[in-house]
Amino acid sequence: MSHNLPFRNPMDKMPLQVITLPQYPTRQVSEFSPFAEIALAYFNCVQNVDFKLVEVTRVGYDISYPKSTMHVNFDAKSKSGKVEMFYAELKTPSLNKVDEKGIVIQGCALLKKVDTGNPLGISCMICHDKVIHPGPKDGYNVVLGDKFKDSRFWLYRPSTGLNCSTIREDTIRYMDKYLVFAMKAVKHLNCKVEADWELLVVTRVIDRMEKCRIIFHMNFTVKSSNFNNETKLCFAEFILPLFSGHSPDNWTMEKEPFLEVIGCCIMEKDANYESSFGRVCAMCTSGLIHPGPKYGYRVLARDDFAMYDFKACGNGVF
Ligand SMILES: [Zn+2]
Ligand SMILES: [Zn+2]
């Protein structure tokens, strides 16, 4: 039987039809110049200076009612002709129309690059990485103007979402409570290498609460017969989930299985390694010794904490 329909291999492709998508105009950053002008006028007034806008370089915003938030970078020129970089935050009833009366300038600052930037720094939730903010992420500091000191972009991980008011330093009176922590860390020290480190004493603990967990940094001392029973100082990091129905009397027994040793190392002081440019830990205030140039302690064994800011040097915002 014959038929007139041409044979079609199902693998043959039909020519694609051209589909026309609706075109949305992409907005040029230069369109946001009027907003930058207002922020700069505020800056000039408050700081008693006279900068002129050169150009807007980056913009980030969220669209919300009644006012949207806008974060903007722009370049401006001083009287002497020197071009500087700025960062400003404002609230505006419209992203299209410049309503001078409705716009609220939340802050404006002249920024300067002081560091290479740190991947552990936290991005702004509105712009992510579209705009350069002051803080450790991009390595910029505020030279003149508003400090934005309560902004998230000044923070580091692993402290995302933390509430700074919950930082608490435990005194030596509570150290017994942390023996369970230290014992777990010693197990961690002994498990991968042929070692028999014994716990001596917990010397310092700092904890910081996040939304659903607590991070602990701890110093304790150990000794080992393989190392002439010399006392060695250790640093360890732990994470403990938050529990409801907190029961202080038996909490260590209940929670021990959930306690996670993130890292632990044995350290030794090396004065040549110590540097006044060493960074402090993003989480701890002071007093707790971390491996790194700040305190001049080298890692002798186990985890090296290589990605942590306290292992690096830097100045300025850090
Ligand atoms: Zn932002
Ligand atoms: Zn720390």
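## Overall composition

Of the 318 residues of the protein, 31% count as buried; a residue is buried if 20 or more other C-beta atoms lie within 10 Å of its own, exposed if 12 or fewer, and partly exposed in between, with C-beta atoms placed from the backbone. This is a predicted model, in which local features need pLDDT of at least 70 and side-chain atom pairs count only at pLDDT 80 or more, while totals for chains, interfaces and linings use all residues. Residues are numbered from 1 along each chain as its sequence is written, and chains are lettered from A and ligands numbered from 1 in the order in which they are written.

The protein has 3 helices and 11 strands, taken as DSSP runs numbered from the N terminus (helices: H or I, at least four residues; strands: E, at least two). Along the sequence the pattern is α-β-β-β-β-β-β-α-β-β-β-α-β-β. Among the contacts with a separation of 6 or more, 60% join residues 24 or more positions apart; two residues are in contact if their C-beta atoms, placed from the backbone, lie within 7 Å.

## Confidence

The mean pLDDT (the predictor's confidence in each residue, from 0 to 100) of the protein is 81, and 77% of its residues reach 70 or more. Over residues 158–173 the pLDDT stays under 50, and the model has 20 contacts beyond four places in sequence for this stretch. Residues 244–248 also have pLDDT below 50, with 1 contact in the model beyond near neighbours in sequence.

An open sheet is formed by 5 strands in the order 1-2-3-4-5, with antiparallel pairing; two strands pair if DSSP finds at least two bridges between them. Strand 1 (52–62) and strand 5 (140–145) are the edge strands, each pairing on one side only. From one strand to the next the twist averages 30°. Axes are lines fitted to C-alpha atoms, for helices over the stretch in contact, and angles run from 0 to 180 degrees between N-to-C directions. Helix 1 (residues 33–47) packs on this sheet and touches strand 1, strand 2, strand 3, strand 4 (104–113) and strand 5. The direction of helix 1 makes about 80° with that of strand 4.

Strand 2 (residues 68–77) pairs with strand 3 (residues 83–92) over 10 bridges, and Lys77 has Val83 of strand 3 as its bridge partner. Strand 3 and strand 4 are joined by 7 antiparallel bridges, with Met85 partnered by Leu111 in strand 4. Between strand 4 and strand 5 there are 5 bridges, again antiparallel; here Leu111 stands opposite Val142 in strand 5.

## Nonpolar cores

A nonpolar core is a set of buried Ala, Val, Leu, Ile, Met, Phe, Trp, Tyr and Cys residues joined through C-beta atoms within 7 Å. The largest has 35 residues, and Ala182, Ala185, Met218, Cys234 and Ala236 have the most contacts inside it. At least two residues of this core come from each of helix 2 (179–192), strand 7 (198–209), strand 8 (213–223), strand 9 (232–241) and strand 10 (260–269). A second, separate core of 30 residues includes Ala39, Phe51, Val131 and Ile132.

## A buried arginine

Arg279 lies in the loop between strand 10 and strand 11 (297–302). Arg279 counts as buried because 23 other C-beta atoms lie within 10 Å. The C-alpha atoms of Arg279 and Ala312 are separated by 6.0 Å, although these residues are 33 residues apart along the chain.
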